[in-house]
Amino acid sequence: MKTEKQKMLSGEYYLANDAELIKERTDCKRLLHKLNITEYVVGDGTKAVLAELLPNAPASIYIEPPFHCDYGYNMICGENVYFNVNCVVLDVMPVTIGNNVFFAPGVQVYTATHPLDAVERRSKENAEPITIGNDCWIGGGAIICPGVTIGNRCVIGAGAVVTRDIPDDSLAVGNPARVIRKLGKEEKLV
């Protein structure tokens, strides 16, 4: 018999009010309090908090507080990842982020989802993983929805709502986000 955490991590419906999951989210909130309040000015203390909060991220990760996430351990980051202020990552399932990825202020990344049926939604939830490739720039206020993969070298415009996969080398904008052009080495972004 699977635990609720095992169900959660496999994308099955699970009960979020499970004692183990509540404890893990509470532990995460304590670390976020340190990051967002106690260690608000980025320094050596911040690096220690980030190492504990995000055990699957290298020391090169840079987060400008305030920042919010559910668990922390489900964020798998490459080198040189930067989160600007007010970013939210609901990491119920893995959020895999490549190298050299920049998140502008207010970006929201949601792996968590719920049944459409109102009665089921009262007690069940689940999640779908998100993958963001290398060398991406996610514009301010963008929302990345459950199950999305964003390819390498993509730019997601400010305020975009990404509801489906975005192929490599794409500029995607709008709600829902759609690719408006391909990006190449000759492109200059301003």
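Trainee: Where is P66 found?

Mentor: P66 is in the loop between strand 1 (62-63) and strand 2. Helices (H or I, at least four residues) and strands (E, at least two) are DSSP runs, numbered from the N terminus. Before we go on: this is a predicted model, where local features need pLDDT of at least 70 and side-chain atom pairs count only at pLDDT 80 or more, while totals for chains, interfaces and linings use all residues. Residues are numbered from 1 along each chain as its sequence is written, and side-chain values use heavy atoms, leaving out hydrogens and water.

Trainee: What makes the peptide bond from P65 to P66 cis?

Mentor: Its omega is near 0°. The bond from N175 to P176 is cis too, with omega near -5°, and P176 sits in the loop between strand 17 (170-173) and strand 18 (178-182). In general, most peptide bonds are trans.

Trainee: Why is N100 called partly exposed?

Mentor: Buried means under 20% relative accessible area, exposed over 50%, and partly exposed in between (1.4 Å probe, protein chains only). N100 has 28% relative accessibility, so it counts as partly exposed. N100 also has a positive phi, near 60°, without being glycine, and lies in the loop between strand 6 and strand 7 (102-103).

Trainee: And what is the relative accessible area of D135?

Mentor: It is 40%, so D135 is partly exposed as well. Phi of D135 is near 60°, again positive in a residue other than glycine.

Trainee: How do you know that E125 has no salt bridge?

Mentor: A salt bridge is a side-chain nitrogen of Lys or Arg within 4 Å of a carboxyl oxygen of Asp or Glu. For buried E125, the nearest side chain of opposite charge, R25, is 6.4 Å away. Lys and Arg count as positive, Asp and Glu as negative, and His and the chain ends are not counted.

Trainee: Which side chain makes a polar contact with that of E125?

Mentor: That of Y14, at 2.8 Å. The definition asks for a pair of N or O atoms within 3.5 Å; within protein, one must be able to donate a hydrogen and the other to accept it, and residues adjacent in sequence count only if both atoms are side-chain atoms.

Trainee: What makes a set of residues a nonpolar core?

Mentor: They are buried Ala, Val, Leu, Ile, Met, Phe, Trp, Tyr and Cys residues joined through side-chain atoms within 4.5 Å. The largest such core here has 40 residues, with F67, F83 and F103 among those with the most contacts inside it. Helix 2 gives the largest share of this core, four residues.
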